[in-house]
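I keep these entries as a record of what I looked up. The sequence and structure come first.

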Amino acid sequence: MEITRIRMLRGPNLWGRHTTLEAIVSCDETERSIDSIPQFEIKIRERFPQLGSMRRGGPNESLSLAHALEYAALGLQAQAGCPVTFSRTVETLDAGVYQVVVEYTEEVVGRMAFDFAFGLIQATLSDVPFDLTAALSELEALYEDVRLGPSTGSIVDAAVQRNIPYRRMTEGSMVQFGWGSKQKRIQAAETSNTSAIAEAIAQDKELTKNLLASAGVSVPVGEVVRTADDAWCAAQRIGGPIVLKPKDGNQGKGVVANIRTEAEVRAGFVVTQAFGRETIIERYLPGADYRLLVVGNRLCAAARREPAQIVGDGKHNIAELVDLENKNPLRGDGHATALTKIRFDDIALAHLASNKLTPQYVPKIGERVLLRHNANLSTGGTATDVTDDVHPDVAASAIAAAQMIGLDIAGVDILCEAIYKPLEAQGGGIVEVNAAPGLRMHLKPSYGKSRPVGEDIINMMYPPGEDGRIPVVAVTGTNGKTTTVRLISHLLNETGLRVGMTTTDGVYINHRLIDSGDCSGPKSARNVLMHPDVDAAVLETARGGMLREGLGFDRCEVAVVTNIGEGDHLGLNYINSVEELATLKRVVVQNVAITGAAVLNATDPMVVKMEKVCAGDVIFFAPNQHHPVIAAHRAKNKKVIYFDGANIICSKGESTSLRFPVSEIPLTQNGVLGFQIENVMASVGAAWALGLDGEKIASGLRSFESTANAVPGRFNQFQHKGATVIADYGHNPDAMRALASAIEAMKPKRSHVVISGAGDRRDEDIRDLTRILGNSFDHVILYQDQCQRGREDGEVLQLLQEGLVGTKKAKQVKEITGEFLAIDTALNDLSAGDICLILIDQVEESLAYLKQQVKP
């Protein structure tokens, strides 16, 4: 068994909406049925007992080693705690070659599980041991390390429930919600609205206390000291029990509480110095430790925190009881579990010593032994939800504290005897205000109700009714994609929106080119959706990107499918037929939002079938209002677009909604160019689906032209000595038919064509190009591309010549080496009234060269 390729499909894809690993796996004849391998299934289950059923199709289903690899990779992830359920193995047309697809939730975990699964198969075949325990341990550790923590995870989960899109920006906890100009970001419990100044204030505990005191919020008396002597003097001035803590500390680190004697103060000062040169000394407030979570202008949750502690059983000493408690499955090393393991460190030992206890002391049954003063969960503390008990005055003080500091999300620490009484009445106070507070104690309290604090944060960022989405139009098909994308973008621009656009020519943000080259894949789409200056996105969505990585978005408002043509990369990546190509391209339609629409070509049977998989509305378009699909759709009182010979009509049932005369649409050349009429109908359909104003659409159609600057390589026209020269990037048989038909409609005196062929197409597809053109053009110039894409020198030219055999019109055929020389040759052959179609390969370079060479 050999794995020849692995792809990580990060968006909706051919297999579904899951993020999936797709591998190409080759099996020799002996590996195509595990039943032919002695005791294979018994042996693999001995090594992986938790492996589920591998015969979903029944006990007699034939399975290859590729199937076993699929089930093992999925099962290993599931056993490691990953919530995965989907997998599939499909045999390709190549004998013994399979596509293995396995869902993953974390990419690196999915890849590691696949590698372990391959190792498991090899160990089974070789009849050697496989260390399942070590594999699962490594997978579990990696999953815990890379998955979102509880705070960030709760916010993301809340966003998903609200249909707000998100994208993880780092391997840590930084996440973007929303798209384009509606994006907002979080890092744990900080948002993009969290002020850096507010964070700095919260970090400075002395400044925080002074600000709160000035706002009338109850805080403990204290001061900042820099030496042990100063600390003891301050303690004497304050009187009574005191607390020492680092001025710039967090998570309870270095806090020493409830001390009185000089020795305790000096020892505590040394502890605080490990976390900064300045130490705060303040009056110790007796009572319980409470954490109140403020989000925006409301109190969302409150918890009473208790320090790490153990309860005696009369048998084990303190050290042993700590070890036993740390084996509790609810306790972990980080923040992924409900509780953190108890730290039995120098601070814990010092606390025991202050109470004249040692680790070897055996507590009586039921005796509670505290292991530190502070009650932070990060050191092993516990939390009890008390949200419903908070006195309104206490809630108001917490909200005032957060707002005084300037934090949109704050964890307010309060010490008091009873949270259900006003602070002033019991001598309690606010001791700290924290930026980026942990949410775990509210999501999974040790005792009491769980609080939906992730929802509270999302509701603050995106009030009800907002989902962070901008209009997204995805355009796919065989021909016309780029022109359609550019025209839709132009129509959206007419409404004042800033448009992000991806095409095979580059990425544009509000008319500015920010990336060049073929940018019709998911990476470019994600870049547009990440850009803060984008109010609407129009994304050319090519087959290559969908196969390579899936879609770059979770769903779109409008999907446009122009057509599904023959010869569009068939035979590549196991897409061998037009039907399989249509199945791939319908992925865009499958991911239309329920509130959105698909704009589909009614004249293409493959495209028409996509209506069944669209969750939203469907708008059909066709050049003939009497087309059966158009007529049937209108009869159902649904939206259609058609050409009546003079106008492009948008109709819902029998009612005409919009009418655009082609005489006012330069792109169509007064209705002569049939393929451009189809592009306009597709674009108008998208604009109509988005609710654009009819006058704005009409204005945009009037001002859009197919120039080399507006739509490079898409039927760009030049004048040369009385002849018309047309440059186009068409490269498949359907494009040749459309272009030939357009040239014939323009009635040239003589017709010329300059053509090459892409070497990565099938032989028959290359022959078809000249077979079509040879029946439509008088003069044919064949040239060899700069890049032959795997073909031998002259091989493509030979195939093009073979296509011309038996054609009826071509009177003269020339072979030229080099695109620019072919252009020069064609220009020299032209006379007034002629039309020459140049099928360019290097779009930017060829257009620049043509502009220099033509002579009006």
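Is strand β34 (residues 723-728) mostly covered or mostly open, and how many of its residues are buried? I found β34 mostly covered, with 6 of its 6 residues buried. Buried means under 20% relative accessible area, exposed means over 50%, and partly exposed lies in between (1.4 Å probe, protein chains only). Helices (H or I, at least four residues) and strands (E, at least two) are DSSP runs, numbered from the N terminus.

I noted the basis of the work. The model is predicted, so local features need pLDDT of at least 70 and side-chain atom pairs count only at pLDDT 80 or more, while totals for chains, interfaces and linings use all residues. Residues are numbered from 1 along each chain as its sequence is written, and side-chain values use heavy atoms, with hydrogens and water left out.

**Entry: strand β34**

I checked the two faces of β34. Ala 723, Val 725 and Ala 727 are buried on one side, and Thr 724, Ile 726 and Asp 728 are buried on the other.

I then looked up its neighbours; two strands pair if DSSP finds at least two bridges between them. β33 and β34 run antiparallel and are joined by 5 bridges. Gln 717 has Ile 726 of β34 as its bridge partner. The hairpin of β33 and β34 has 2 residues between the strands, and Lys 721 takes a positive phi near 55° there. With strand β38 (residues 835-839), β34 runs parallel, again through 5 bridges. Ile 726 stands opposite Leu 837 in β38.

**Entry: aromatic pairs**

I searched the whole structure and found 2 aromatic pairs. Rings of Phe, Tyr and Trp (its six-membered ring) pair if their centres lie within 6.5 Å; planes under 30 degrees apart count as stacked, over 60 as edge-to-face and the rest as tilted. Phe 675 and Phe 715 are edge-to-face, at 5.2 Å centre to centre and 70° between the planes. Phe 675 lies in helix α22 (residues 674-689) and Phe 715 in the loop between α23 (694-703) and β33 (716-720), so this pair ties together parts 40 residues apart in sequence. Phe 715 is buried, at 1% relative accessibility.

The rings of Phe 820 and Tyr 849 are stacked, because their planes are at 0° and their centres 4.3 Å apart. Phe 820 is partly exposed at 31%, whereas Tyr 849 is buried at 15%.

**Entry: cysteines**

I counted 0 disulfides, a disulfide being a pair of cysteine sulfur atoms within 2.5 Å. For Cys 614, the nearest cysteine sulfur is that of Cys 556, 8.4 Å away.
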